[in-house]
Amino acid sequence: MRRLLALCCNRFKHKQNQNHPQRSEGDMENQKTENAADGTKSVNQDMVNSSIRGTNIIVNHDFCGGLHSWHPNCCEGYVVSADSGHPQANSGGNYAVVTNRKECWQGLEQDITGRVSPGSTYLVSASVGVSGPLEGCVDVLATVKMECQGSETKYSLVGRSSVSNGKWEKLEGKFTLSTMPDKVVFYLEGPSPGIDLLIQSVVITCSSPKERRHGIAIAGDQDIVLNPNFEDGLTNWTGRGCQVVLHDSMGDGKIVPQSGKVFAAATQRTQSWNGIQQDITGRVQRKLAYEATAVVRIFGNNVTSSDVRATLWVQSPNGREQYIGISNVQATDKDWAQLKGKFLLNGSPSKVVVYLEGPPAGTDILVNSFVVKHAEKAPPSSPPDIENPAFGVNIIENSNLSNGTNGWFPLGNCTLSVGTGSPHILPPMARDSLGAHEPLSGRYILVTKRTQTWMGPAQMIGDKLKLFLTYQVSAWVRIGSGATGPQNVNIALSVDNQWVNRGQAEVGDNRWHEIGGSFRIEKQPSKVMVYIQGPASGVDLMVAGLQIFPVDRQARFRHLKRQTEKIRKRDVILKFSGLDSSSAFGSCVKIKQSQSSFPFGTCISRTNIDNEDFVDFFVKNFNWSVFGNELKWYWTEPQKGNFNYKDADEMVDLCMSHSIDMRGHCIYWEVVDTVQQWIRSLSQNDLATAVQNRVTDLLTRYKGKFKHYDVNNEMLHGSFYQDKLGKDIRANMFKMANHLDPSALLFVNDYHVEDGCDTRSAPEKYIEQILDLQQEGAPVGGIGIQGHIDSPVGPIVCSALDKLGILGLPIWFTELDVSSSNEYVRADDLEVMLREAFANPSVEGIVLWGFWELFMSRENSHLVNAEGDINEAGKRYLQLKQEWLSHAHGHIDEQGQFKFRGFHGTYSIEIATVTKKVLKTFVVDKGDDSPFEVSIAL
């Protein structure tokens with residue numbers, strides 16, 4: 001299910017105003033740096049080796065993520081891969097090429113402001129080279145630029161290295177900041193104009209001890225929260241709308257500290273947001289990840305269990321307020337519980353307060369400790385080592401029932417027997433995975449005397465499962481007579497007594513129905529049971545041909561690559577004119593695709609765009625966007641008549657400035673829990689007026705700017721507006737939107753459409769809903785599949801896409817994310833979804849539901865770690881985007897033509913004739929199956 005971006009949202013309820021003084025900004029001291037610019041070996045080699053073993057503050061240091069976080073300074077740059085054939089590509093890895101340099105100072109730079117601190121010494125080690133027309137050697141320089149508001153920009157030389165053509169040299173140096181500038185930029189420069197600068201890797205690490213200077217917290221400090229254990233009483237702590245007191249015990253001595261001698265209590269709370277707080281302004285830095293840990297419990301008001309939340313209140317210099325949810329825990333009055341979570345500040349705040357909140361009014365929040373420290377970077381994942389995966393081999397014992405019900409047992413007080421007459425062929429989705437397969441036996445398990453919905457056949461499978469391997473689930477199911485209507489039947493797993501739905505079908509007639517699903521186990525369980533359940537008590541259940549088998553994703557990928565070649569590429573004929581045939585014949589042609597026309601988008605939030613590293617990755621790697629919350633009604637009008645379009649306006653401006661198209665998500669949301677209280681309380685007439693005003697305000701304000709709108713989100717899972725205003729309101733919403741902005745394509749949008757896990761949003765139900773809307777005159781222009789999916793299996797996803805494809809409407813994945821604790825498995829999951837979508841002719845766009853850690857709706861779904869490092873999932877995304885760009889080279893033939901087959905999109909072409917070199921661009925349209933002809937005048 002799609003969730004809100006809960007880690008970064010404005011509070012919708014009114015908060016008591018707090019008078020917090022603004023942070024005063026003193027005069028910045030002149031910047032001083034220590035450097036070692038007198039030679040390439042001025043740093044002790046042992047220190048350099050030690051620094052390399054430390055944490056590198058440079059993001060994307062080896063250019064595995066292209067130029068992410070790097071910026072060419074008034075010149076151009078690109079990344080060369082190891083197998084490119086570039087003159088120095090035998091170096092064994094990627095490297096950056098900085099070209100079209102007109103001045104010596106032009107080079108490649110990275111903003112390191114949030115990753116350095118005053119008083120610390122930083123060691124620099126870079127592998128650099130040069131390419132171009134030079135004799136002898138040329139110097140490459142490492143420089144630090146420091147900007148302070150109201151002061152002159154200062155530059156400090158860090159190190160230099162003498163480099164010759166075709167050789168890599170090491171450049172080393174060090175620097176120290178005496179005070180903290182507003183901006184610190186590291187860059188490499190030096191060679192003469194016309195000489196390309198090559199950079200293989202850059203490492204900058206802190207060599208000096210972690211310590212505090214000039215009131216700034218060095219990354220890694222553990223005293224960001226002062227007096228975290230209340231050893232100094234309540235110093236530095238205050239109540240947020242309530243009182244704070246200190247105890248050594250409570251409840252007649254039954255409540256004592258878990259550690260230390262005392263604990264604090266936030267008492268006399270009259271609102272759920274009341275709690276204990278501390279101002280941590282100046283002790284946290286932007287673009288650094290922090291981890292908060294608190295030991296808490298609750299007391300009083302006859303509340304035995306309640307949610308306790310750690311929240312960050314942030315105020316920006318322009319007065320904008322933001323509430324960041326850090327973490328929550330279900331606390332009780334019986335014992336202490338640990339609350340733990342992370343946060344990151346994108347912008348430069350004027351005030352930061354961390355506090356605890358959550359329980360109902362009258363219930364005390366007890367705190368034994370509250371620590372905030374710089375979050376340690378998690379070690380990178382390793383690819384799972386799966387021995388003998390046995391792809392396609394069914395792990396179910398006695399699946400064909402040749403030995404009666406051996407291996408099976410009844411879950412609950414029901415009876416199992418064997419019947420005959422079930423299908424002899426595999427269900428379609430399993431057949432797509434397994435290919436040619438021996439016929440099924442035609443026998444089935446008959447389950448009778450069922451007195452509960454959960455009763456059915458079961459089997460223990462824990463000893464047959466391998467961690468991190470994706471399993472497909474498939475079976476035929478049918479129900480007996482006596483049901484009063486359609487029944488949900490599902491294949492479920494019990495993993496250490498935790499129930500998980502792994503495939504579901506609605507069964508309502510005297511036919512066999514396919515169930516398909518998937519699962520993966522990522523932590524070693526004690527026991528795993530599979531069972532089939534669902535129909536009402538008294539209704540017999542029949543199960544045939546249950547298959548659980550590991551899927552061979554690579555085999556599926558080979559098939560999808562062939563499909564992609566057919567539907568995403570086109571034959572191209574370049575016809576050259578302007579030269580006689582003898583002059584043109586044999587001229588060299590080099591073609592490079594610079595941009596795909598296929599939409600790849602992502603979700604962004606207002607706070608994200610304050611982080612230049614986030615924006616850099618966003619604008620370089622996506623051409624569409626959707627806003628997480630900022631366009632939703634509860635955000636733009638949290639209280640009646642209290643409008644907030646400022647956030648969305650700023651996001652629209654950013655996207656338009658970078659020519660990034662936008663989806664409008666969403667005009668309405670049909671699920672009652674997402675509807676503001678003031679709207680829920682309206683009369684029918686007032687609600688109808690509010691609905692009209694909402695669409696008018698939104699689409700008039702942004703007319704022509706959003707290419708898509710999700711009109712009424714998740715209509716398969718909610719019915720608030722339909723219940724209040726009648727069935728016609730849904731079609732009328734589409735009609736109103738189309739009248740106000742005819743240029744926008746209007747979408748339905750829902751979740752669990754593609755994974756087989758929810759009968760409410762099965763493809764058949766979605767098709768029925770769309771046809772009903774069209775019958776009522778709704779101009780439905782597209783089908784949105786959200787795509788929040790776990791352990792995806794290609795044929796299951798493809799089956800849903802093919803079913804929906806019969807409607808002839810464009811299909812978009814609108815909120816795609818996958819989740820795994822292992823980055824390589826997450827990358828595999830993402831590749832499954834991207835390849836399935838890209839290989840399906842009905843899919844016309846893919847939008848991810850975010851990419852940056854701590855700003856995702858699901859844990860372990862990010863592509864870029866909190867402090868900017870691209871993880872394996874992010875690398876896989878970039879690799880696939882590169883795979884789906886075409887390049888070609890050759891010579892003009894005797895007819896003055898050059899032919900190739902390429903992906904749809906924008907191309908550059910270089911033609912080298914006997915007398916001149918010509919550069920042109922052209923676009924390959926999607927079109928039909930006929931060759932695409934391009935005329936190029938030379």
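Biologist: Why does glutamate 776 count as partly exposed in this predicted model?

Modeller: Its relative accessibility is 23%. Buried means under 20% and exposed means over 50%, with partly exposed in between. Glutamate 776 therefore counts as partly exposed.

Biologist: What makes the contact between lysine 727 and glutamate 776 a salt bridge?

Modeller: The closest N and O atoms of the two residues are 2.4 Å apart. A salt bridge needs a side-chain nitrogen of Lys or Arg within 4 Å of a carboxyl oxygen of Asp or Glu, so this pair qualifies. The two residues are 49 residues apart in the chain. Lysine 727 is in the loop between α10 (720–725) and α11 (728–740), and glutamate 776 is in the loop between α12 (763–775) and β38 (782–785). Lysine 727 has 47% relative accessibility and counts as partly exposed.

Biologist: How do you know that aspartate 828 and arginine 876 form a salt bridge?

Modeller: The N to O distance between their side chains is 2.8 Å. The limit is 4 Å, so the pair counts as a salt bridge. Aspartate 828 belongs to helix α14 (residues 823–838) and arginine 876 to helix α15 (residues 872–883), so the bridge ties together parts 48 residues apart in sequence.

Biologist: Are these two partners, aspartate 828 and arginine 876, buried or partly exposed?

Modeller: Aspartate 828 is partly exposed, at 25% relative accessibility. Arginine 876 has a relative accessible area of 17%. The cut-off for buried is under 20%, so arginine 876 is buried.

Biologist: How many salt bridges does the structure hold?

Modeller: The structure holds 42. One of them pairs glutamate 933 with lysine 575, whose closest N and O atoms are 3.2 Å apart. This pair links distant parts of the chain, 358 residues apart. Glutamate 933 is in strand β46 (residues 932–937), and lysine 575 is in strand β31 (residues 569–577). Glutamate 933 is partly exposed at 48% relative accessibility, and lysine 575 is partly exposed at 30%.

Biologist: What makes the link from glutamine 285 to serine 117 a polar contact?

Modeller: The side chains of glutamine 285 and serine 117 come to 3.3 Å. The limit for a pair of N or O atoms is 3.5 Å, so the distance meets it. Glutamine 285 is in the loop between β14 (275–279) and β15 (289–299). Its relative accessible area is 12%, which is under 20%, so glutamine 285 is buried.

Biologist: Why is serine 69 called buried?

Modeller: Its relative accessible area is 1%, and buried means under 20%, so the label applies. Serine 69 is in the loop between α1 (45–53) and β1 (71–72). Phi of serine 69 is near 75°, a positive value in a residue other than glycine. Phenylalanine 230 also has a positive phi, near 65°. That residue is in the loop between β10 (196–206) and β11 (238–240), and at 1% relative accessibility phenylalanine 230 is buried.

Biologist: Which peptide bond is cis, with omega near -10°?

Modeller: The bond from histidine 665 to cysteine 666. Cysteine 666 is in strand β35 (residues 661–669).

Biologist: Which residues form a positive surface patch?

Modeller: Arg558, Lys561, Arg562 and Lys566 form it. Arginine 558 is in helix α3 (residues 553–567). Patch residues must have over 30% relative accessible area; arginine 558 has 48%, so that requirement is met.

Notes. Residues numbered from 1 in each chain as written. Predicted model: local features only at pLDDT ≥ 70, side-chain atom pairs only at ≥ 80, totals over all residues. Heavy atoms only, no water. Patch = residues over 30% accessible without salt bridge, like charges linked within 9 Å, V, L, I, M, F, W, Y side chains within 5 Å. Areas by Shrake-Rupley, 256 points an atom, 1.4 Å probe, with all protein chains shown as cover. Lys, Arg positive; Asp, Glu negative; His and termini not counted. Charge placed at Lys NZ, Arg CZ, Asp CG, Glu CD. Helix = DSSP H or I, 4+ residues; strand = E, 2+ residues; numbered from the N terminus. Buried < 20%, exposed > 50% of the residue type's maximum accessible area, 1.4 Å probe, protein only. Polar contact = N/O pair within 3.5 Å; in protein donor to acceptor, adjacent residues only side chain to side chain.
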